[in-house]
Amino acid sequence: MSDGTKRRTVLAGGLSVGVGLAAAPARAEASTPKTDLLTLVVNGRRVRVDVDVRASLLDTLRDRLHLTGTKKGCDQGACGACTVLLDGRRVLSCLTLAVMHEGSEVTTVEGLADGDRLHPVQRAFADHDGFQCGFCTSGQIVSAVGLLAEHPDLTDAEIPELMSGNLCRCAAYGNIRAAIAAAARLSREGE
Amino acid sequence: MDTFDYRRPASVREALRLVAGHPDAAFVAGGTDLVTLLRDRVRTPGRLVDINGLPLDGLRWSRDGVRIGALCRNAVDDPRLAAAYPVLVRALRSGASPQIRNRATFGGNLLQGVRCPYFRLPEFACNRRDPGAGCAAAGGDGRLLGIFGTSAACVAVHPSDCAVALVALDATVVVEGTRGTRRIPVGDLHRLPGDTPHEEHALRPGELVVAVEVPARPFAARSTYVKFRERASYAFALASAAVAVHSEHGVVRDARICLGGVAPKPWRAHAAERALRGERLDAATVEAAAEAATAGARPRPDNAYKVELVRGVVRRALTELGEK
């Protein structure tokens, strides 16, 4: 079937090519691309970009704004690798269209550090070895930053369920939990 | 994904006008379900109407209960809501990851698509997606599919946890269309598939869910949600139960038992509710209700385990409430 063939062709073509942006429509005559001029505030910087209305926020960040710290894992909302902060709340950038966020503030992993000074959650992940291969790490860290904002009084016991949207195929969960617990203590006690 | 005409109205009236006379238009709110359906070309709207700019957010309390705006996010963290309707807040928390709940809305949660793998993959035949195409699930993997209310045309289950809790709370959805406002009990919102599984809900073309109203009921505060899933944290329900009980002098006066993950809509277990009324909530009553909750189940060999899960979720939920 043509639909299935298209999916597989796109996958075989490499995930680094943004599916929502670069995939040619199956039938060009039925799908003349529509675009929209979009303004976002990304990591504190105002950017204007002409986006295909179909483009996910994730593909826009990676392929148009070249912020590749945000990762594409499953592209269907299961893995959490694409987590960003949208107006301060953690969301999955693969499950939302860029065009829906005119004027929004987006924080990616690239926007957490202050120059060479790591964000306390980044520091905690390094100190506690909260990763192995590193692919899920930017999503884990951004998600943890969002979690600490949602729950300033986070207890250690709450961490697994409230981080359940971020999968780690290396199963570095023990150290990830320890890193977040340490960052939570630090933020409660004040730096 | 096919391209579409993207619109972002600022008022409900404008939103309704943008879909009126456009049968291929779709509303989008959180997008956490619809974006995947667009990407996989399960849904191919010619116009996408983004309702995030509409003033449909927030909770409004009154003596009669609470009115929840359709755009209220599923991450709603409100102590008053948790105290008045524990079953609802527990269902929401169990429903999805925090990232998804930060975007997903009440309206979208109720209208989300089924999770049957054959519906989600256009390579397979699906009557719900393409009327008359056939049902690949009928001869396929049915482990996750329904044991109540299914038909030869469709065996999918509704995936929402929130909707199961809302049915147990006698909630109503408020919808607006160009012909005015009407109210639909959440229990009547989703249709059983019969021969027309593509007619998924009771909304008329062009109608928009604007709110959910949850009444104040004597059983609402003594309620809970128990969910079995394939892993310890966020996943869709294999079977779940939203249970609410009102007792006086130790005797059950009224009760609601609604099942999730086992039917094409939140499945009210009326026989189980009858088994509770007029009884003390002791172990024997709990067991009788758990057994009655399976009445009418028609499992296949690969999902017969759900019958036992139904007994389990009802037993656990009632036992928990009995200890309160």
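**Figure 1. Charged pairs between chain B and chain A.** Between chain B and chain A there are 2 salt bridges, a salt bridge being a side-chain nitrogen of Lys or Arg within 4 Å of a carboxyl oxygen of Asp or Glu. In one salt bridge, the side chain of Arg229(B) meets that of Glu161(A) at 3.9 Å, N to O. This is a predicted model, in which local features need pLDDT of at least 70 and side-chain atom pairs count only at pLDDT 80 or more, while totals for chains, interfaces and linings use all residues. Residues are numbered from 1 along each chain as its sequence is written, chains are lettered from A and ligands numbered from 1 in the order in which they are written, and side-chain values use heavy atoms, with hydrogens and water left out.

**Figure 2. The contact between chain B and chain A.** Chain B gives 36 residues to the contact and chain A gives 41 residues; contact means heavy atoms within 4.5 Å. About 3200 Å² is buried between the two chains, and carbon and sulfur atoms give 52% of this. Buried area is the accessible area (1.4 Å probe) that two parts lose on being put together, summed over both. In chain B, the residues that lose the most area to chain A are Thr3(B), Arg39(B) and Gln99(B), together 22% of what that side buries.

**Figure 3. Polar contacts and the chain B side of the interface.** There are 13 residue pairs in polar contact between chain B and chain A, both residues at pLDDT 80 or more. A polar contact is a pair of N or O atoms within 3.5 Å; within protein, one must be able to donate a hydrogen and the other to accept it, and residues adjacent in sequence count only if both atoms are side-chain atoms. On the side of chain B that touches chain A, two or more residues each come from strand 1 (5-7), helix 2 (34-39), strand 3 (47-50) and helix 5 (98-101) of chain B. Helices (H or I, at least four residues) and strands (E, at least two) are DSSP runs, numbered from the N terminus. The residues of this side of chain B divide into 14 nonpolar, 10 polar and 12 charged. Here Ala, Val, Leu, Ile, Met, Phe, Trp, Tyr, Cys and Pro count as nonpolar, Asp, Glu, Lys and Arg as charged, and the others, Gly among them, as polar.

**Figure 4. An open sheet of 3 strands in chain B.** The strand order is 1-3-2, with parallel pairing; two strands pair if DSSP finds at least two bridges between them. Strand 1 and strand 2 (25-28) of chain B are the edge strands, each pairing on one side only. Neighbouring strands of this sheet are turned by 20 degrees against each other on average, direction ignored. Strand 2 and strand 3 of chain B pair in the parallel sense over 4 bridges, and Ala26(B) has Leu48(B) in strand 3 as its bridge partner. Helix 1 (residues 12-19) of chain B lies across strand 1, strand 2 and strand 3, running at about 170 degrees to strand 3. Axes are lines fitted to C-alpha atoms, for helices over the stretch in contact, and angles run from 0 to 180 degrees between N-to-C directions.

**Figure 5. An open sheet of 5 strands in chain A.** The order is 2-1-5-3-4, with mixed pairing. The edge strands of this sheet are strand 2 (45-52) and strand 4 (89-92) of chain A, and the twist averages 40 degrees from one strand to the next. Strand 3 (residues 83-86) and strand 5 (residues 105-107) of chain A run antiparallel and are joined by 2 bridges. In strand 5 of chain A, Val106(A) stands opposite Leu86(A). Helix 5 (residues 137-150) of chain A packs on the sheet, where the helix touches strand 3, strand 4 and strand 5 and makes about 40 degrees with the direction of strand 3.

Figure 6. Glu200(B) and Arg43(B) meet through their side chains in a salt bridge of 3.1 Å, N to O. Glu200(B) lies in the loop between strand 7 (180-185) and strand 8 (208-215) of chain B and Arg43(B) in the loop between helix 2 and strand 3, so the pair ties together parts 157 residues apart in sequence. Strand 4 (residues 59-62) and strand 5 (residues 65-69) of chain B run antiparallel, joined by 4 bridges. The two strands form a hairpin with 2 residues between them.
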